[in-house]
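Colleague: I would like to learn how to read aromatic pairs and a few other local features. Could we go through them one by one?

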Number of protein chains: 2
Amino acid sequence: MACLARTLRRGSGDLSEELSGGVGGAAALEPLVAAVLSALADGAALRGGPLPAGLPQDIAAAVAEEFLAGEGGGGAGGAAACPGAVLSRFARLLAAGSADPAHPGCAAHLHCPPLAVAVAADLAVSALNPSQDSWDQAPAATALETLLIGELAGMAGYDPGRAAGVLTSGGTESNLMGLMLARDRVLGAVTGRRVEMSGVAGGPRPRVLASAAAHFSVQRAAAVLGLGEDAVIPVPVDRNLRMREGELAALLDSCRRRGQVPVAVVATAGTTDTGAVDPLRACAELAAAHGAWLHVDAAYGGGALLSDRLAPLLDGIGAADSLSLDWHKLGWQPAAAGVFLVRESETYASLARRAVYLNPADDEEAGYPSLLGLSLRTTRRADAFKIAVTLRTLGREGLGRLVDACHDLARAGARTVQEHPRLELHAEPVLTAFLFRYVGGGAAHEPAALDHLNASLRRRLLREGRAVVGRTELPGEGPGRVRLKLTLLNPHTTPAEVARLLHAVVAAGRAEEDLL
Amino acid sequence: MACLARTLRRGSGDLSEELSGGVGGAAALEPLVAAVLSALADGAALRGGPLPAGLPQDIAAAVAEEFLAGEGGGGAGGAAACPGAVLSRFARLLAAGSADPAHPGCAAHLHCPPLAVAVAADLAVSALNPSQDSWDQAPAATALETLLIGELAGMAGYDPGRAAGVLTSGGTESNLMGLMLARDRVLGAVTGRRVEMSGVAGGPRPRVLASAAAHFSVQRAAAVLGLGEDAVIPVPVDRNLRMREGELAALLDSCRRRGQVPVAVVATAGTTDTGAVDPLRACAELAAAHGAWLHVDAAYGGGALLSDRLAPLLDGIGAADSLSLDWHKLGWQPAAAGVFLVRESETYASLARRAVYLNPADDEEAGYPSLLGLSLRTTRRADAFKIAVTLRTLGREGLGRLVDACHDLARAGARTVQEHPRLELHAEPVLTAFLFRYVGGGAAHEPAALDHLNASLRRRLLREGRAVVGRTELPGEGPGRVRLKLTLLNPHTTPAEVARLLHAVVAAGRAEEDLL
């Protein structure tokens, strides 16, 4: 890349000190953005496949070489003379060293390839840097987030006039918020302002009921909130990781009998591994009957709301007290694009905050709105913007087509697995992911050997830069029972490409089997 | 702007469905990014000043018109035919409706104008979408964050070989993490795994000591953690909001006498309103003597580490158990660019997590590193990248010059205030902010009238689109005692522009005085 110094030289200031805002911001950004786009193309070509070949230490060494070479920064040597050069080198390094979810061979996680239109929208947000913690840092962005939240609430079956919500960093933060509001509503009534959390010293032990396949952020939230990880009671699941409603009913009854307080039921709409959706309507009824808050973690499955075909899976979601949705999963946004919603805005009470430098009462009386009390964060990027642009560009229908395309792809992949003698399907996909494993040819392997084989073939694919395949273990199977996973989030991938990926899995399995 | 449809038409897919990754991603982004840059320039020109003129409802109405006009999205009408058009319209709306910290008249909050090079770097992150929760979603980004954290730890006076840390969404999340680790270390030792938080039922009441001028996120963190907001004991401050160390000593003693557990001392390095830095060395000694964790909230003041002139203010910071730094404040990054650091990596223990689908033990044994246990989040954008590019482009020295320029600007602004008969300076700036108020001409106003005057003149400046000036109240002055605030974070602003801004304050004050 040619040195951008001349292009950037405007005025007498240091070339690298240009700002992205103001009337000159766009002009300052232009050559830098061009350098990034060119580095992205170069880096993708250099990488070739879905991720860089090599061991983690090889990649770390390449990164360290670049990072440490520039130590001392612009003060000494070339960097100051040519500020775009550092940017170019680092962007190429990042592209060449990424696991790229836009590559059909990268299909492990709920890690979506972003839409170009969402990424371009996000550039406007970076450049203008609105912060949602006060109106006077984000006049238009405050209004836009409020409108978007209303629309998403309606999509989830809430009454937009009564619901409330906020953009979050993802399901983990949204789940924490849901459980915090639940804790404060349910326990606040029992012990007043300060939370009585321990059963040791007398008070009733607070409990959270979530399926054994719920995301680990539920336990983590319980730990953060001081309830303790072991406050979470795992509700047994069926073979495809869907909560058994009879077990939930029995556990809620047993909670009551032991004098414990069921603070919340967490239902999962789209488990990370299988996309299973818990029986939402039954969860809502049981939670209500026991005075518990219902939080639905629809971080993954919330994308089904966009699809006429899949939306019925989420029947009953509108009865949840709170919801997590992640548009950086089935919504094709760059991270972060989490959404937290509550059905009734009054339930937000324990998060309300008055900060005299951000939302003084007389400013609010004068009509200046504040989103501060809706979030656990203070400074907050305007992540609503890229979602709004995407939603208006594609419409719910357009996004629904992408969801359906990924669903079709998962079904096609599952068929390929079923038809292959060396692969074993765990269960039909519910959304866009499925579990499977390599079982080898000839005589059956011992369970431990099979686990080793699947874990090793996955690492081989990573090491060879050939594929990023997921892995997990199933609750109830005991530790170490490795399953492989494909999570199909790239709507442009073809069934033939998924088949090719599965054949690469088999080839890696054979190679590992030869080493046994 | 001309319709981009033709430019975008590649292959047979829907034009608006292009992805940002893969070998074709850069080409797909190019026309969209060009549309955004052109919309940013148009929007800034339309806006003219530091923020749009009008009342919040006027701005909200303009946003609603655009947002609701496109309802139904690409499925019907023009949007599908011309996907770049939606993006352009929304980006222009956002630019025209922003409070732009790159404008010299926008100087209210710790809301910095980002450097163009950081914004361009952030575009690469959006496009590639690495997620820091597992290595196989972010091979190079994992290595880069680890290197950056080491360098920042060294800059703060930690031993990089023993320290650990992570990028966060900002000081609020970093403060929560610091207090959570403090709670788990100090209370874990008292009551085992589950946290005994209430004094009501017997156990010792946990306490957090923070200055009366500490950020409200300290109270909020105490609420989230189940300690209760009232677990935070406010330590009295001096006139410029610096913690009085004698008072801290006395309060710690009194805690002990009452059988309370001082879980943490929170020292502020750079209060939001005055930039005051608590006596860090004394805080460290007192915390250690009482078995309390020392968390230093250097979200704002951490920027002083970049400046040879100001770094001595943070003397003793390396003795903190944990630290918050925000590069989206004195670091010119777009949000979010928070950093959380601990002095000893072992103290991170209570955050460690094993998720079988993200960091299985055998993958870690095989050399695959995981940052999962370092963060409260799961999906996590690679915010380290833009900081690394900025640091290597400008170097610590280059960034230090920007810090010093803002410090000089604040001092110049304070002199202008002192010299103006209608303005009253609260105190000399420590970092880059100062408090003042309009006192009017002629006979002295009653306190309530003065408060009304200052609050009203600020809203007048907002309404007229003329300036974004901060406001706050001082602890100890009682509610409603309004002070105005300038936070100078734009290194390209000149002292003459700051003087012009202060004259606009006086003009607005005169206009409001005429209405009394």
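**Reading aromatic pairs and their surroundings**

Modeller: Phe385(A) and Phe90(B) are both buried. Keep in mind that this is a predicted model.

Colleague: How is a pair of aromatic rings described?

Modeller: A pair of aromatic rings is described by the distance between the centres and the angle between the planes. Over all chains, a search of the whole structure finds 10 aromatic pairs. In one of them, Trp135(A) and Tyr368(A), the ring centres are 5.0 Å apart and the planes stand at 80°, so the pair is edge-to-face.

Colleague: Where do Trp135(A) and Tyr368(A) lie in chain A?

Modeller: Trp135(A) is in the loop between α6 (116-128) and α7 (139-155), and Tyr368(A) is in the loop between α12 (361-365) and α13 (384-419), so the pair ties together parts of chain A that are 233 residues apart in sequence. Both Trp135(A) and Tyr368(A) are buried.

Colleague: What is the geometry of the pair formed by Phe385(A) and Phe90(B)?

Modeller: That pair is tilted, with 6.4 Å centre to centre and 55° between the planes. Phe385(A) belongs to helix α13 of chain A and Phe90(B) to helix α5 (residues 83-96) of chain B, so the pair joins two chains.

Colleague: Which residue lies over the face of Phe67(B), and which over the face of Phe67(A)?

Modeller: Over the face of Phe67(B) lies Arg392(A), at 4.3 Å from the ring centre. Over the face of Phe67(A) lies Arg392(B), at 4.2 Å from the ring centre.

Colleague: Let us turn to a single position. Is Ala164(B) buried or exposed?

Modeller: Ala164(B) has a relative accessible area of 10%, and the cut-off for buried is under 20%, so Ala164(B) is buried. Ala164(B) is part of strand β1 (residues 164-168) of chain B. Beyond its neighbours within four places in sequence, Ala164(B) has contacts that include Ile149(B), Phe340(B), Tyr348(B) and Leu374(B). Ala164(B) and Tyr348(B) are 184 residues apart in sequence, yet their C-alpha atoms are 8.1 Å apart in space.

Colleague: What does the confidence look like, and where does pLDDT stay under 50 in chain A?

Modeller: The model scores ipTM 0.96 and pTM 0.96. Chain A has an average pLDDT of 92, and 92% of the residues score at least 70. The stretches under 50 include residues 1-13 of chain A, for which the model has 26 contacts beyond four places in sequence. Residues 190-201 of chain A also stay under 50, and there the model has 40 such contacts.

Definitions and conventions. Residues are numbered from 1 along each chain as its sequence is written. Chains are lettered from A and ligands numbered from 1 in the order in which they are written. This is a predicted model: local features need pLDDT of at least 70, side-chain atom pairs count only at pLDDT 80 or more; totals for chains, interfaces and linings use all residues. Side-chain values use heavy atoms; hydrogens and water are left out. Rings of Phe, Tyr and Trp (its six-membered ring) pair if their centres lie within 6.5 Å; planes under 30 degrees apart count as stacked, over 60 as edge-to-face and the rest as tilted. Helices (H or I, at least four residues) and strands (E, at least two) are DSSP runs, numbered from the N terminus. Buried means under 20% relative accessible area, exposed over 50%, partly exposed in between (1.4 Å probe, protein chains only). A charge sits over a ring if NZ of Lys or CZ of Arg is within 6 Å of the ring centre and within 35 degrees of the ring normal. pLDDT is the predictor's confidence in each residue, from 0 to 100. Contact means heavy atoms within 4.5 Å.
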